[in-house]
Amino acid sequence: MSGVGHNSGDGDDTMRVSDETLAKSNLAVDDRLRLLVERVERLEEEKKGMADDIRDVYSEAKAVGYDTKIMRQIVRLRKMNPDDRREMEMLLDTYKASLGLG
């Protein structure tokens with residue numbers, strides 16, 4: 001057969017370039033993945049440190065006589081949107097009144 005319609009040569013150079021490009025691309029992806037994983041690990045460590053700090057604050061509050069369950073509830077309430085908090089308190093009052101707790 002003549003060379004018409006067929007690639008001339010064995011294509012070995014093209015394959016080598018593709019393999020090299022793929023290898024470089026994989027290295028870049030591997031580096032990016034490694035950096036992202038390391039960032040998550042650092043953030044997890046920071047989160048653990050902050051959780052320890054919060055636990056220490058609650059321990060300190062308890063040591064001076066504050067009720068930490070109530071403090072946690074107050075923190076939760078302060079995070080809420082004021083309208084949502086009012087609606088929740090209104091529903092709570094309604095439920096308490098229905099159960100004779102009001």
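The model is predicted, so local features need pLDDT of at least 70, side-chain atom pairs count only at pLDDT 80 or more, and totals for chains, interfaces and linings use all residues. Residues are numbered from 1 along each chain as its sequence is written, and side-chain values use heavy atoms, with hydrogens and water left out.

The protein holds three helices and zero strands. Helices (H or I, at least four residues) and strands (E, at least two) are DSSP runs, numbered from the N terminus. Along the sequence the pattern reads α-α-α. Helix 1 covers residues 12–63. Helix 2 covers residues 68–79. Helix 3 covers residues 82–98.

Of the 102 residues in the protein, 4% are buried. Here buried means under 20% relative accessible area, exposed means over 50%, and partly exposed lies in between (1.4 Å probe, protein chains only). The protein exposes about 9,600 Å². Carbon and sulfur atoms supply 57% of that area. Accessible areas come from the Shrake-Rupley method with a 1.4 Å probe; for residues, only the protein chains shown count as cover.

Thr68 belongs to helix 2. Thr68 is buried, at a relative accessible area of 18%. Its neighbours within four places in sequence aside, Thr68 is in contact (heavy atoms within 4.5 Å) with Tyr58 and Lys62.

Salt bridges were assigned next. A salt bridge is a side-chain nitrogen of Lys or Arg within 4 Å of a carboxyl oxygen of Asp or Glu. The count comes to six. Side chains of opposite charge can pair when their charged atoms come close.

Asp31, Arg34 and Glu38 are linked in a network of salt bridges. Arg34 pairs with Asp31, with the closest N and O atoms 3.8 Å apart. Arg34 also pairs with Glu38, at 3.3 Å from N to O. Arg34 and Asp31 are three residues apart in helix 1, so about one helical turn separates them. Arg34 and Glu38 lie four residues apart in helix 1, again about one turn. An α-helix has 3.6 residues a turn, so residues three or four places apart point the same way.

Another salt bridge joins the side chains of Glu44 and Lys47, at 3.5 Å from N to O. Both residues lie in helix 1, three residues apart, about one turn of the helix. Glu44 is partly exposed, with a relative accessible area of 42%. Lys47 counts as exposed, at 52% relative accessibility.

Helix 3 was checked for length. The expected span of a helix is 1.5 Å times one less than its number of residues. The 17 residues of helix 3 should therefore span 24 Å, and the end C-alpha atoms are 24 Å apart, which agrees. At the start of helix 3, a side-chain oxygen of Asn81 reaches to within 2.7 Å of the backbone nitrogen of Asp83. Just after helix 3, Gly100 takes a positive phi of about 75°.

Key:
Polar contact = N/O pair within 3.5 Å; in protein donor to acceptor, adjacent residues only side chain to side chain.
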